[in-house]
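The sequence and structure are shown first.

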Amino acid sequence: MKKVFAILIMTCLISVSCSKNENESQNKSEIPQETDPHSGNMPSQNGLNELVDNNKLSDEELNSPTVQISGIELTTPDTWQRETPSSSMRALQYALKSDKSLKVAGFFFGTQDLASDNIKRWKGEFTKLTNDKEEKLNNNITYLILEGTYNIKPFPMAEEGTPTDNYMVLASIVPTPEGPYYFKIYGPKEKLSKEVESFRKFLNSYKKIS
């Protein structure tokens, strides 16, 4: 009788253990894989990579040569394609037509001035800077061109990254009546060096609207 009782207990324990392992395996399989580092998307488990379905742009908006934001108008370069932002943190998003994994992301944080903080952070994303150029364009627009060894992270808040040579960041701070917008794209220098003038043209298209 004792042997039978012991066997029953062992069977129950094995069953519970297998069920637990199965559940853990299932939960792990549901965790999304890391996104393309070029996209700059956050993992969905952090709640920042959800598509903004309610703000999905119409075909007319996606194909319009201009965009109006916070009292200004900008013209989209021919080499860019406007997209619906892939994250709720993004105010605007463009893909390069030459490589749609490379995104120009536009951020808006209201009236607070985070210019110096963002410039410092952008430069800090490089483990080694070989070119650090800051320009002042018309309408008090700041345009940065950074080159060097970029610390590529699987998502923006990751602690560890992979230092990668020959990378470039094109970034800008664009003032508006409602507060500054921050635009940024990063990727291989070979590809982004072709977008230096397109980005400048985008910024120089700045117009105030009533």
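## The second largest pocket

In this predicted model, helix H3 (115-124) and strand E6 (126-137) each contribute at least two residues to the lining of the second largest pocket. The lining comprises Thr111, Gln112, Asp113, Ala115, Ile119, Glu134, Lys136, Asn140, Thr142, Ile173, Pro175 and Pro180.

The space within this pocket amounts to about 170 Å³. Classified by residue type, its lining contains five nonpolar, four polar and three charged residues.

## Salt bridges

Nine salt bridges are present in the structure. As a general principle, side chains of opposite charge can pair when their charged atoms come close.

One of the salt bridges joins the side chains of Glu83 and Lys103, with an N to O distance of 3.1 Å. This pair connects distant parts of the chain, since Glu83 belongs to strand E3 (residues 80-83) and Lys103 to strand E5 (residues 99-108), 20 residues apart. Glu83 and Lys103 are both buried. A further salt bridge joins the side chains of Glu147 and Lys189, at 2.9 Å from N to O. Here too the pair links distant parts of the chain: Glu147 lies in strand E7 (residues 141-152) and Lys189 in helix H4 (residues 189-192), 42 residues apart. Glu147 counts as buried because its relative accessibility is 12%, under the 20% limit. Lys189, by contrast, has 34% relative accessibility and therefore counts as partly exposed.

Glu125 and Arg121 also form a salt bridge, in which the closest N and O atoms are 3.3 Å apart. Arg121, with a relative accessibility of 42%, counts as partly exposed. Elsewhere, salt bridges link Lys133, Glu135, Glu197 and Arg200 in a network.

## An open three-stranded sheet

Three strands form an open sheet in the order E1-E2-E10, and their pairing is antiparallel. Strand E1 (66-69) and strand E10 (207-208) are the edge strands, each pairing on one side only.

Strand E2 (residues 72-75) is joined to E10 by two bridges, and these strands run antiparallel. Within this arrangement, Glu73 is placed opposite Lys207 in E10.

## Residues with positive phi

Most residues other than glycine have a negative phi. Asn139 is not a glycine, yet its phi is positive, at about 65°. Asn139 is located in the loop between E6 and E7. With a relative accessibility of 41%, Asn139 counts as partly exposed.

Asn166, likewise not a glycine, has a positive phi of about 55°. Where is Asn166 placed? The position of Asn166 is in strand E8 (residues 162-174). Asn166 is classed as exposed because its relative accessible area is 58%, over the 50% limit.

Key
Residues numbered from 1 in each chain as written. Predicted model: local features only at pLDDT ≥ 70, side-chain atom pairs only at ≥ 80, totals over all residues. Heavy atoms only, no water. Salt bridge = Lys/Arg side-chain N within 4 Å of Asp/Glu carboxyl O. Helix = DSSP H or I, 4+ residues; strand = E, 2+ residues; numbered from the N terminus. Buried < 20%, exposed > 50% of the residue type's maximum accessible area, 1.4 Å probe, protein only. Pairing = 2+ DSSP bridges. 1 Å grid on protein atoms, 1.4 Å probe; cavity = no way out; pocket = protein on both sides within 12 Å on 5 of 7 lines; lining within 4 Å. Points joined across faces, edges and corners; volume = space filled by probe spheres on them. Nonpolar A, V, L, I, M, F, W, Y, C, P; charged D, E, K, R; others polar.
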